[in-house]
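Please read it with the model open.

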Amino acid sequence: MSKASCIWVDADACPKVVREILVRAAQRTGIELTFVANQSIPVPPSPNIRSVQVPSGFDIADNEIVRRAESGDLVITADIPLAAEVMEKGAQALNPRGELYTENTIRQRLNMRDFMDTLRASGVQSGGPPPLGQRERQQFANALDRYLAQALSKR
């Protein structure tokens, strides 16, 4: 029998409201949920929810997620290169705004990220993403529910 799917969270930059949605879903379904960060992420006492603290440093949490993620798992991240790497391993990647990356969208996002890096390097101020609104929270919760329905039907 294959291993049940897990959810891995790139928790250093994951909004608190998204972490709360994930915890409630894991408590409701029993799916394994792991927050990976270079800081302590408090989690409720639960046999299927845990936090892994990695040392500080560039991409250390990302590398840990890539190392642990397997085909069928879900990775929550806004980090485009991390999403691309876990997708190569057969995992799915969902950003905190509710966008499930696909092969097509990840290529577009990588190209846009490179373009924005070039602009920033030339001195153009691009600002960050807008704050997470109710619409994005709902999109995230809906995408997570779709993943959970699919993952739990395979158990």
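1. Arginine 50 is partly exposed, at 33% relative accessible area. Buried means under 20%, exposed over 50%, and partly exposed in between (1.4 Å probe, protein chains only). Glutamate 32 is also partly exposed, at 27%. The two form a salt bridge, with the closest N and O atoms 2.9 Å apart. A salt bridge here is a side-chain nitrogen of Lys or Arg within 4 Å of a carboxyl oxygen of Asp or Glu. Arginine 50 sits in strand 3 (residues 49–53) and glutamate 32 in strand 2 (residues 32–37), so the pair ties together parts 18 residues apart in sequence. Helices (H or I, at least four residues) and strands (E, at least two) are DSSP runs, numbered from the N terminus.

2. This is a predicted model: local features need pLDDT of at least 70, side-chain atom pairs count only at pLDDT 80 or more, and totals for chains, interfaces and linings use all residues. Residues are numbered from 1 along each chain as its sequence is written, and side-chain values use heavy atoms, leaving out hydrogens and water.

3. Glutamate 64 and arginine 67 meet in a salt bridge at 2.8 Å, N to O. Both lie in helix 2 (residues 60–68), three residues apart, about one turn of the helix. Glutamate 64 is buried at 15%. Arginine 67 is exposed at 56%. Salt bridges link Glu64, Arg67 and Arg68 in a network.

4. How many salt bridges does the structure hold? There are six.

5. The count of disulfides (pairs of cysteine sulfur atoms within 2.5 Å) is zero. Cysteine 6 is buried at 9%. Cysteine 14 is buried at 5%.
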